[in-house]
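Please look through the sequence and the 3D structure shown here before reading on.

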Amino acid sequence: MSARSRDPLRLDVEPFAREAGELEGHWPLGQLQRLAESAHAEARPAESDSVHWQARGELRPVRGAPPRPWLHVSAQTSLNLQCQRCLQPMAVPLDVSRSFCFVHGETTAAELDAESEDDVLALTRSLDLRELVEDELLLSLPLVPRHDSCAPPAPMADSEPGSAEERPNPFAALAALKPAGRH
């Protein structure tokens, strides 16, 4: 197997799949910049935080056509996100496992992807596996991260109890403009 087909930053998918290649490793979470930027501002990833990943290739037979290369990818990490209820950091475990079918050409990939439940990508001789793993981890982030139980943040310091009653209703001026006979 060529060195490029074993380099996760320049993975040659077709020979990797043909030889049923397997790769596994750890990347520092900070190297996945888009994912690291998703973390809570006060709880960014430490240098020791990492993403554990695995990749396995295979060729699957296709009736009436040559076999297609497949790439099975999984990754696990934990990221501190901002709880949308209390606004404090919360550790969110991320665990993804996806399989991708590769075909020749962007057009063919788009057509098959539209009609298939499988994820179909255009075959490349230099796939950045770290970028693919980061994309999948980003897609697995919860839309609204929340602790199971937490208190909402305290009110702002400039708002005092009872001050809402003292402020005039902004729609009171509109009520004065309304004709007297209409309700």
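## The aromatic pair

How many aromatic pairs does a search of the whole structure find? In this predicted model, the search finds one aromatic pair. The partners are Trp27 and Trp53, whose rings are stacked, with 4.4 Å from centre to centre and 20° between the planes. The angle counts as stacked because planes under 30 degrees apart are given that name.

This pair links distant parts of the chain, since Trp27 belongs to strand β1 and Trp53 to strand β2, and the two are 26 residues apart. Both Trp27 and Trp53 are buried.

## The chain as a whole

The protein chain has seven helices and five strands, and when it is read along the sequence these elements follow the pattern α-α-β-α-β-β-β-α-β-α-α-α. Of the 183 residues in the chain, 32% are buried. Among the contacts in the chain with a separation of 6 or more, 60% are made by residues 24 or more positions apart.

## The nonpolar cores

The largest nonpolar core contains 32 residues, and those with the most contacts inside it are Leu35, Trp53, Leu71, Leu79, Leu129, Val133 and Leu137. Two or more residues of this core come from each of the elements α2 (13-18), β1 (22-28), β2 (50-62), β3 (65-82), β4 (89-103) and α5 (129-139). Strand β4 gives the most, with six residues.

When its neighbours within four places in sequence are left aside, Leu71 is in contact with several residues, including Leu11, Phe16, Ala55, Arg56, Phe100, Leu129 and Leu132. There is also a second, separate core of seven residues, which includes Trp70, Val103, Ala109 and Leu112.

Arg56 is found in strand β2, and it counts as partly exposed because its relative accessible area is 36%, a value between the limits of 20% for buried and 50% for exposed. Although Arg56 and Glu22 are 34 residues apart in sequence, their C-alpha atoms are 4.4 Å apart in space. Leaving aside its neighbours within four places in sequence, Arg56 is in contact with Phe16, Gly21, Glu22, Trp70, Leu71 and His72.

## A threonine in strand β3

The side chain of Thr77 reaches the backbone oxygen of Ser50 at a distance of 2.8 Å. Beyond its neighbours within four places in sequence, Thr77 is in contact with Leu29, Ser50, Val51, Val92, Pro93, Leu94 and Leu137.

## The cysteines

A disulfide is a covalent bond between the sulfur atoms of two cysteines. A search of the whole structure finds zero disulfides.

Cys150 is partly exposed, at 25% relative accessibility, whereas Cys101 counts as buried, at 4% relative accessibility.

Technical notes:
Residues are numbered from 1 along each chain as its sequence is written. This is a predicted model: local features need pLDDT of at least 70, side-chain atom pairs count only at pLDDT 80 or more; totals for chains, interfaces and linings use all residues. Side-chain values use heavy atoms; hydrogens and water are left out. A nonpolar core is a set of buried Ala, Val, Leu, Ile, Met, Phe, Trp, Tyr and Cys residues joined through side-chain atoms within 4.5 Å. Buried means under 20% relative accessible area, exposed over 50%, partly exposed in between (1.4 Å probe, protein chains only). Helices (H or I, at least four residues) and strands (E, at least two) are DSSP runs, numbered from the N terminus. Contact means heavy atoms within 4.5 Å. A polar contact is a pair of N or O atoms within 3.5 Å; within protein, one must be able to donate a hydrogen and the other to accept it, and residues adjacent in sequence count only if both atoms are side-chain atoms. Rings of Phe, Tyr and Trp (its six-membered ring) pair if their centres lie within 6.5 Å; planes under 30 degrees apart count as stacked, over 60 as edge-to-face and the rest as tilted. A disulfide is a pair of cysteine sulfur atoms within 2.5 Å.
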